[in-house]
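Hi everyone, thanks for coming. Let's take a look at the structure on the screen together.

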Amino acid sequence: MIRLLFIIAIVLTSQLASGQEQKTITQSSPLHLKVDPMIGTGGHGHTYPGATSPFGMVQLSPDTRLDGWDGCGGYHNSDSVIYGFSHTHLQGTGVSDYGDILLMPCTQFAGGQEAWRDRYKSRFNKETERAHAGYYSVVLEDQNLRAQLTTTERVGIHKYSLKSADTLTLIIDLQHRDKLIHYSIYPLDDSTIVGHRLSENWAEEQHVYFAMRFDKKFDWRDQLSEVKATGFDNAGNITDQEMEFVPVFAVDFGVVKDLTVRVALSFCDLQGAVKNLESEAPHSDFERYKIINEARWDKQLSRVIVNDADIDKQVIFYTSLYHSCTVPNVASDVDGRYRGTDLQVHNLGEDDGLHYTVFSLWDTFRSLHPLLSWIEPGRTRDFVRTMLRMYKEGGQLPVWELAANYTGCMIGYHSVPVISDAKAWGISGFDEELALEAMVQAADSAHLGLDIYAELGFIPSERESEGTSKTLEYCYDDACIAQFASSLGNAEADSISERFRLRALSWRNILHPESSFIQPKRDGAWTPDFDPTEVNFNYTEANGWQYTFFAPHDISGLKSLATSTTPFTTLIENQFSAPSATSGRDQPDITGLIGQYAHGNEPSHHVAYLQAYTGNQWRTLELVDEIINTLYTSEPDGICGNEDCGQMSAWYVLSSLGLYPVAPGSSGNRSQLVIGAPQFETVVVSPAQSPSRELNRPLMITVRGDGDYIASANGEMRSWRSYNEIIKGGVLAFEMTPLSKNGFGMLDEDIPTQYIDDTGFTTVPAFEAPRTFQGKKTKVRLMHLDSEAEVFWREGEDGVWSKYQEEIWVNKNVELYAYAVAEGVSSKIVKHEIVKIDHDWTVEYATPYSHQYAAAGPNTLVDGLYGGDEYRTGDWQGFYATPMQATIDLGEPCDIEGMSLGCVQDIRPWIWLPESVDFLVSQDGVNFSLFNHVEHDVAEDDYEKQVFRFTTNIKSEGIVSARYVRVITNPRGIIPEWHLGAGFDRWTFVDEWNISFVK
């Protein structure tokens with residue numbers, strides 16, 4: 001760590017992350033100027049640079065990219081064309097949506113273009129962009145004007161200033177971005193237009209209403225039209241065209257020098273949009289709105305005041321704090337109405353606060369929500385109340401909620417840790433009994449592998465995709481339920497707490513006793529050939545290295561159990577020192593690698609802090625300091641992964657303060673913040689005052705002394721602080737030393753603790769065995785985490801239990817069952833099925849399968865195992881944009897009476913049944929004849945996940961003698977226009993090619 005002396009009023013010239021504008025920033029500069037919204041707009045940050053208000057409904061920003069992964073935020077720093085300015089944007093997500101109600105001011109239109117977006121778009125020079133908290137501006141070169149943007153909470157304010165007076169037309173594009181289902185637009189008077197947009201994308205039914213008011217009268221040109229080619233000759237020349245009206249509208253203002261536009265949104269109705277407009281934007285003075293919005297951001301950012309001579313560090317910090325305060329977004333109107341997750345409009349009570357949307361909880365429960373629980377207790381109370389309304393109105397707590405829609409995205413039920421952690425931070429004012437009811441409902445839902453998890457204590461990979469990650473995340477959430485229920489202090493809640501305490505220990509069922517890694521299982525056996533660098537569908541956006549440490553609620557158990565071959569501290573260190581290359585499927589989210597630690601994605605975010613739990617706080621400090629100072633910069637690509645609705649930035653904010661919540665929500669009044677690597681000489685954290693928490697006192701954090709390591713904190717050697725200590729405020733003084741191993745946080749009483757009482761829990765045993773075998777017999781081992789446990793096994797459901805003492809030999813198809821007993825407590829029963837293969841066939845492919853969907857490799861089609869209706873379980877082989885052609889040499893001529901091939905249809909991820917399947921036979925392997933052509937009657941637009949077996953009909957082809965057999969799938973072709981993947985090729989997934997012979 002390089003520390004600079006704190007100098008009051010030092011003036012530095014800082015090149016901000018946009019790289020376009022020199023700004024002189026001093027220690028006394030307003031905080032809104034220390035925010036550079038361009039940070040995160042490059043690389044894969046997916047942020048937007050435009051104007052918004054703290055947690056505001058409107059995110060008014062330029063749109064430069066219409067599609068693609070790096071267009072999720074609507075903008076990328078490498079682009080040079082602006083299509084317009086839309087009013088909703090997602091902050092750094094990995095899936096596209098929003099971009100609603102696009103406006104584009106035009107003085108001219110490009111000729112020779114078929115689509116309106118290509119006629120009204122404009123080049124821009126990045127040197128002309130200006131952006132800070134609450135404000136954005138740019139010069140549109142082709143339109144010869146400067147556009148300026150600012151906002152109120154629910155209104156976007158535009159000002160267009162022409163270089164010289166000219167005719168101005170404003171384009172309103174309601175078709176922009178996602179699929180348009182329904183719309184309306186019409187003038188309300190000579191200066192106001194209202195309308196709505198109903199769209200389908202990530203949010204399947206998104207309602208946006210708007211009221212748009214101008215400071216000048218307009219002429220309404222209504223709907224525009226486009227001419228599209230509908231016919232071509234053999235040479236590619238257009239032979240037919242037709243004109244069609246499109247949902248793009250034009251408003252003419254004649255010759256003007258400037259124009260101010262106010263656009264209010266509502267998710268309820270037009271009346272709500274008009275009320276929001278009249279309440280928040282009653283005048284047309286752009287500069288007044290801008291100044292008020294900047295002041296609003298100054299107040300918001302003043303929740304944390306940092307002092308340091310390094311202005312660049314301040315820019316990174318305040319941009320991170322800014323990103324942390326842009327999501328979740330207000331979703332209720334000024335009159336208290338909101339659209340619930342039942343998609344109906346509801347009314348808030350007088351004291352209900354605000355309603356919110358955009359809950360990216362798999363990401364944000366880890367850092368963003370703990371930060372906001374600390375500095376924004378009132379908003380956090382409203383977040384919790386919002387979640388409980390979503391439960392009452394939509395039937396479940398949000399997982400990834402967007403615009404009142406349950407998107408079905410990501411895993412876990414991570415509203416639970418947010419609610420539990422809010423209470424741990426001392427926040428009240430929500431219905432705790434209802435919260436527990438909602439938590440239990442989420443945990444007991446029979447979907448996404450939860451029923452299997454509850455039954456077996458883990459999720460086998462063949463039963464549910466991402467089963468290893470889901471097991472771990474469910475365990476964490478269950479620990480939070482147990483803690484929250486315990487805090488209620490009644491008999492019924494105590495019973496619930498006990499049930500979920502035991503469930504929270506289930507992560508131990510997938511900890512390998514020999515490798516020290518958390519590993520996937522298929523059936524009841526360890527998946528063979530485990531490679532911790534391999535990215536596959538056992539994990540959510542990660543691999544075995546990154547999920548091995550995800551038991552943050554039970555670090556004591558992780559430390560004691562994952563030590564058979566490697567001390568826990570060494571295992572952590574090995575992750576950071578391992579080669580950074582990953583294997584397996586492509587996963588763009590795995591970025592920001594230090595060894596196999598992946599800071600660009602959330603499962604790794606707590607790992608650097610685990611060294612503090614081993615008594616090595618000095619190493620936690622080194623690791624956190626390296627992440628802070630190498631993976632966050634003031635450049636456009638200064639965020640090493642998707643921002644993910646503030647999570648990446650919130651990690652930086654908390655970590656640079658020197659305090660981090662490793663296991664939020666799982667410890668109740670034992671909740672701790674681990675001391676890491678404080679970055680600033682002086683910090684003052686001033687939580688917003690709110691009656692939802694009794695204590696909201698400022699905390700001053702100071703760093704004094706020479707050296708890079710912490711010698712003491714308030715004169716103590718503890719490497720943690722409790723939530724209660726933090727919210728009581730006062731001073732947290734770090735004394736520094738050049739000595740790393742100086743005793744700070746080394747003794748047992750000084751290290752943080754995180755544990756689950758494991759009384760009454762016994763881990764299940766695990767099989768080490770194949771799923772199939774060839775030859776006379778195969779070997780089976782049973783293993784257990786506890787070397788003192790007794791393991792029992794039996795063959796078949798009706799077999800006799802025997803104590804396991806030595807390896808088992810199997811010579812036939814069999815189902816094996818096992819359980820363990822430790823300290824008088826029995827584990828759950830696990831099962832493993834083994835199939836004996838009676839052939840020695842090998843499969844040759846004419847076209848290769850995708851390396852991402854290789855299943856068991858070349859013999860997947862004939863290994864005796866059948867894929868279910870979930871393509872991500874690892875049983876299916878995938879082929880993209882090509883027929884699958886496979887051939888088997890049977891070794892000698894055989895009398896064949898039938899064949900079949902399994903295929904899966906799941907059209908959301910672009911997987912269709914082939915149009916048909918051809919089965920062919922040959923005696924010489926060169927000349928093949930058709931055995932049977934098989935079609936199906938499954939509708940192309942059938943969204944149901946389903947398996948269809950293409951089966952030959954013995955009555956039509958009879959018995960044929962052949963040595964070679966071949967199967968060819970005939971794909972449907974390009975995806976049709978009605979599907980979101982329109983224009984792309986389709987996937988075909990195949991598994992288990994059966995051949996039946998005459999006996």
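Which residue in β38 is the bridge partner of Ser712? It's Glu735. A quick word before I go on: this is a predicted model, where local features need pLDDT of at least 70, side-chain atom pairs count only at pLDDT 80 or more, and totals for chains, interfaces and linings use all residues. Residues are numbered from 1 along each chain as its sequence is written, and side-chain values use heavy atoms, leaving out hydrogens and water.

Back to our strands, which are DSSP runs of E with at least two residues, numbered from the N terminus, while helices are runs of H or I with at least four. β36 pairs with strand β38 (residues 730-737) over four bridges, in the antiparallel sense; pairing requires that DSSP finds at least two bridges. Both belong to an open, mixed sheet of five strands, in the order β18-β34-β35-β38-β36. β18 (304-307) and β36 (709-713) are at the edges with a single partner strand each, so one side of each has no neighbour in the sheet. Even so, four of the five residues of β36 are buried, meaning under 20% relative accessible area with a 1.4 Å probe, protein chains only.

Now for the largest nonpolar core, with 173 residues. Such a core is a set of buried Ala, Val, Leu, Ile, Met, Phe, Trp, Tyr and Cys residues joined through side-chain atoms within 4.5 Å. Phe317, Trp374, Ile419 and Leu436 touch the most other members. Helix α11 (residues 467-488) gives the largest share, 10 residues. Apart from this core lies another, of 53 residues, including Phe124 and Ala250.

Terms used: Buried < 20%, exposed > 50% of the residue type's maximum accessible area, 1.4 Å probe, protein only.
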